[in-house]
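Work through the exercises below with the sequence and the coordinates open. Try each task before reading its solution.

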Amino acid sequence: MFLEAKNVYKHYAAHTALDDVSIEVERGRVFGLLGPNGAGKTSLIRIINRITAPDQGQILIDGKPMQQSDINRIGYLPEERGLYRKMKVGEHAIYLARLKGVEKSEARKQLKQWFDKFDIMPWWDKKVEELSKGMQQKVQFVCTVIHKPELLIFDEPFSGFDPVNADLLKREILELRDAGHTIIFSTHNMQSVEEICDDIALINRSRVVLSGQVDSIRRQYASGILSMRFEQNLSEESLREFDVVEYREERGGSVLRLHKPQSLTNWELISQMPHGVELLSFYEEVPSMHEIFIQTVQENGYHGE
């Protein structure tokens, strides 16, 4: 295991931010840290970054207690971002890269490659205050990854991005993962979770209430309901032998939703459909991560700001 939080507690005055929180993040995977506002996600991220310390518990990297020197292995993009508005963009990026230990000539070389990739090179000599919010976020993303850290932590990385730039960032995150980087990101965008996360932990009321691989969690919450679309309408008689949830006729065909019989394979079930009726689509209804998020948070009592 690359990174572990073990039995972490954090209290602020009368508020408990983290209550016996444990997570395991495997190397070379994207780990989604989910939860409502105020659930404790940012508190955990700040502890991993050694910005604050836990009241109890520990953070391990490669099985060893995290040390101050391990900060050099982390790239962190916080939700509340900020650049020096009066500095020129290129100079500012080089300055931040130098703080991460990148030599000036190498920083300039790598930054220009990233700026070309993100289509922001024309802004190199302009002041930060002239950039749009989205362009500033691109610059800060580049500065987060420029020293090629083993662990990247993104807090709401898609906030403020239009769909085109959000897709660009998703592709970059997946490329970083495929290059061997480990990624933790906190987000409210459940569609992004399904698209790029390998594993997740959902925190609510300061505790982890759901964790595991995304695909496994979705299968765990599967309804057992099959949805079938036909080109023709079905007769009432042909439906009697099935446990029908819903049947409706639509323009250009019909839709049948039924509970999957445990004794039949999907192929056996399809073979029992009326002869001469063309099956257009067939799938098991699996809830989205958004639906699972809402259901789990409500079951555990919503607590947020």
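Helices are DSSP runs of H or I, at least four residues in length, numbered from the N terminus. Arg98 lies in such a run, helix H2 (residues 89-99). The model is predicted.

**Exercise 1. The positive patch**

Task: Find which residues form a positive surface patch, and which helix gives the most to it.

Solution. 
Step 1. The patch is formed by Arg98, Lys104, Arg108 and Lys112.
Step 2. Helix H3 spans residues 104-117 and gives the most, with 3 residues.
Step 3. Arg98 sits in helix H2.
Step 4. Check the accessibility of Arg98. A patch residue needs over 30% relative accessible area. Arg98 has 40%, so it counts as partly exposed.

**Exercise 2. Cysteines**

Task: State how many disulfides the structure holds, then decide whether Cys143 is buried or exposed and do likewise for Cys197.

Solution. 
Step 1. A disulfide is a covalent bond between the sulfur atoms of two cysteines.
Step 2. The count here is 0.
Step 3. Buried means under 20% relative accessible area.
Step 4. Cys143 has 7%, so it is buried. Cys197 has 8%, so it is buried.

**Exercise 3. Positive phi in a loop**

Task: Work out where Arg205 lies, what its phi is, and whether Ser206 is buried or exposed.

Solution. 
Step 1. Recall the background. Most residues other than glycine have a negative phi.
Step 2. Arg205 is not a glycine, yet its phi is positive, about 55°.
Step 3. Ser206 is likewise a residue other than glycine, with a positive phi near 75°.
Step 4. Arg205 is in the loop between strand S9 (199-204) and strand S10 (207-213). Ser206 is found in the loop between S9 and S10.
Step 5. Compare their cover. Arg205 is partly exposed at 44% relative accessible area, whereas Ser206 is buried at 6%.

**Exercise 4. Salt bridges**

Task: Give the number of salt bridges in the whole structure.

Solution. 
Step 1. The whole structure has 21 salt bridges.
Step 2. Take Arg73 and Asp70. Their side chains meet in a salt bridge at 3.2 Å, N to O. Asp70 is buried, because its relative accessibility is 11%.
Step 3. Take Asp178 and Arg177. Their closest N and O atoms are 3.1 Å apart. Asp178 is exposed, with 57% relative accessibility.
Step 4. Take Glu285. Glu285 lies in the loop between strand S14 (279-284) and helix H9 (289-299), and Arg257 in strand S13 (residues 253-259), so the pair ties together parts 28 residues apart in sequence.
Step 5. Arg257 has a relative accessible area of 18%, so it is buried.

**Exercise 5. Helix H1**

Task: Say which residues of H1 are buried, and what the phi is of Arg50, which follows the helix.

Solution. 
Step 1. The buried residues in H1 are Lys41, Ser43, Leu44, Ile45, Ile47 and Ile48.
Step 2. That is 6 of the 8 residues of the helix (residues 41-48), so H1 is largely enclosed by the rest of the structure.
Step 3. Arg50 follows H1 and has a positive phi, near 60°.

Definitions and conventions. Residues are numbered from 1 along each chain as its sequence is written. This is a predicted model: local features need pLDDT of at least 70, side-chain atom pairs count only at pLDDT 80 or more; totals for chains, interfaces and linings use all residues. Side-chain values use heavy atoms; hydrogens and water are left out. Patches are made of residues with over 30% relative accessible area and no salt bridge: like charges are joined within 9 Å, nonpolar side chains (Val, Leu, Ile, Met, Phe, Trp, Tyr) within 5 Å. Accessible areas come from the Shrake-Rupley method with a 1.4 Å probe; for residues, only the protein chains shown count as cover. A salt bridge is a side-chain nitrogen of Lys or Arg within 4 Å of a carboxyl oxygen of Asp or Glu. Lys and Arg count as positive and Asp and Glu as negative; His and the chain ends are not counted. The place of a charge is taken as NZ of Lys, CZ of Arg, CG of Asp or CD of Glu. Helices (H or I, at least four residues) and strands (E, at least two) are DSSP runs, numbered from the N terminus. Buried means under 20% relative accessible area, exposed over 50%, partly exposed in between (1.4 Å probe, protein chains only). A disulfide is a pair of cysteine sulfur atoms within 2.5 Å.
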